[in-house]
2 protein chains.
Amino acid sequence: MKITYKGDYALKTILDLAAHFGNGPVVINDLSRRLDIPTKFLEQILLDLKRAHFVESKRGKIGGYSLARHPGQITLGEVTRFIDGPIEPIACVDKRYSGCHDAGACVFRSIWGQVSSSTAKIIDNITFEDLLKRSKRTNKSFNYQI
Amino acid sequence: MKITYKGDYALKTILDLAAHFGNGPVVINDLSRRLDIPTKFLEQILLDLKRAHFVESKRGKIGGYSLARHPGQITLGEVTRFIDGPIEPIACVDKRYSGCHDAGACVFRSIWGQVSSSTAKIIDNITFEDLLKRSKRTNKSFNYQI
DNA sequence: GTATACTCTACTATTATAATAGAGATTATC
DNA sequence: GATAATCTCTATTATAATAGTAGAGTATAC
C-alpha cells in the first residue's frame, strides 16, 4: 500500500467536507486554501471523487462540493482504494492473479496476504465520522463549522 | 508498502540461498534459471545484497553466492526494507519527517502509523528459516539440497 | 593461460506521479 | 439577459522510479 499525494489530498478533502456536512456546499478555492492543495490538482481529484459518488457538486453561484453520503457511511479504506488502488503490497495476492507459476506454493504470497488483511482490518473499520471525532478531540482549533 | 519486482526477486533469491545454506556457493545462472529472474538484473540485486552483508560471494571457478548469515538470523522485514525502502505507506509517519505543518494533530498520520506497526509485527518476526520450513511443508517438490 | 564466475558503470524504455493550462458549461442574481 | 462565480473537461509537461539491457573489467581454480 502506498499513499500518494493525490490520495492524501483526497482523504483530507473528504474529512473537510465531512466537517461541513449538512451546511451546504464548499467551494474548491476554500478547500484548496485550507488544506494547502494546488487548486487545479484538487479540481481533478474532486471530479474523480464525484464520479465515484463520494461527493456531489453544484455549479454556478452558491455552488461547490459536498459529501454525497453521511460521513459515517464512508470508510478510509474505500477512498484509499479508489484513489491509490489496491492495498496489497504486491499484485500476486489478488485471487484473480495468474502471473505466478506456483502461486499456490509460494510462501511469500500468503505473507503478503496477511499484511493486506491486517491493513484492511484497520482502514475498513474507520469512517470519516470517526476521523472527525478524533480530529475534534486532538485539535482544538479544528474548524468544523461553516 | 510496495514490493517491487526487485524486492520480490531479492526475497526469492535469499530463500533459495537459505535452502542451500551450508552447501557451498550457488552460481547466478542457477538462481536465475530456477527463479526465473533476468540474469543481468539478478547480478545487480546480488551486488546490493552483498553490500548489505546479506550474502557473500566468491569469484572464479567454484565461485558463487551464499548467505552471509544463518537463515534464522535474517528477517523478511530486513530484506524488504533494504531493497524496497520504508514500509510506511506515507512518508509523514516517520519521526524525522518535517514536511507536514500539523503532523501532531493529523488523524491520518496516526492511522498510517498503526498500519505500519501491524505490517512490521508480521514481517519483522519471520525469518528465512521459518520461510524455508513453510515452503518445505507446502511444496513437496521443493529442492532444498544442492 | 584459459574458462568460469563475479564486479562495475552506463544506458534505455516504459510508466506513474504531480502537477499546470486553458477553454467550456452551468447557475444565481441584478 | 448580462455578468460573475463556480464547476467541467481535455491536453500537456516535468520529474522520478522501475525494470531491465549492455559490455568491459577483475579474480580464481585448474
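So, the interface: in this predicted model, chain B and chain A bury about 2,900 Å² between them, and 72% of that is on carbon and sulfur atoms. Three residues stand out on the chain B side. Val107(B), Phe108(B) and Trp112(B) supply 20% of the area that chain B buries against chain A, more than any other three residues. Each chain puts 31 residues into the contact.

What about polar links? There are 0 salt bridges between chain B and chain A. Residue pairs in polar contact, with both partners at pLDDT 80 or more, come to 4.

Now, which parts of chain B do the touching? Four helices of chain B each supply at least two residues to the side that touches chain A: H1 (5–19), H4 (76–84), H5 (107–123) and H6 (128–138). H5(B) gives the most, with 11 residues. By type, that side of chain B splits into 19 nonpolar, 8 polar and 4 charged residues.

The structure holds 1 cavity of 30 Å³ or more, and the largest cavity takes up about 70 Å³. From chain A we have Met1(A), Ile87(A), Pro89(A), Val115(A), Ser116(A) and Thr119(A), and from chain B come Met1(B), Ile87(B), Pro89(B), Val115(B) and Thr119(B). The elements giving two or more residues to that lining are H5 (107–123) of chain A and H5 of chain B, with H5(A) giving the most, at 3 residues.

Conventions
Residues numbered from 1 in each chain as written. Chains lettered and ligands numbered in written order. Predicted model: local features only at pLDDT ≥ 70, side-chain atom pairs only at ≥ 80, totals over all residues. Heavy atoms only, no water. Contact = heavy atoms within 4.5 Å. Buried area = accessible area lost by both parts, 1.4 Å probe. Salt bridge = Lys/Arg side-chain N within 4 Å of Asp/Glu carboxyl O. Polar contact = N/O pair within 3.5 Å; in protein donor to acceptor, adjacent residues only side chain to side chain. Nonpolar A, V, L, I, M, F, W, Y, C, P; charged D, E, K, R; others polar. 1 Å grid on protein atoms, 1.4 Å probe; cavity = no way out; pocket = protein on both sides within 12 Å on 5 of 7 lines; lining within 4 Å. Points joined across faces, edges and corners; volume = space filled by probe spheres on them.
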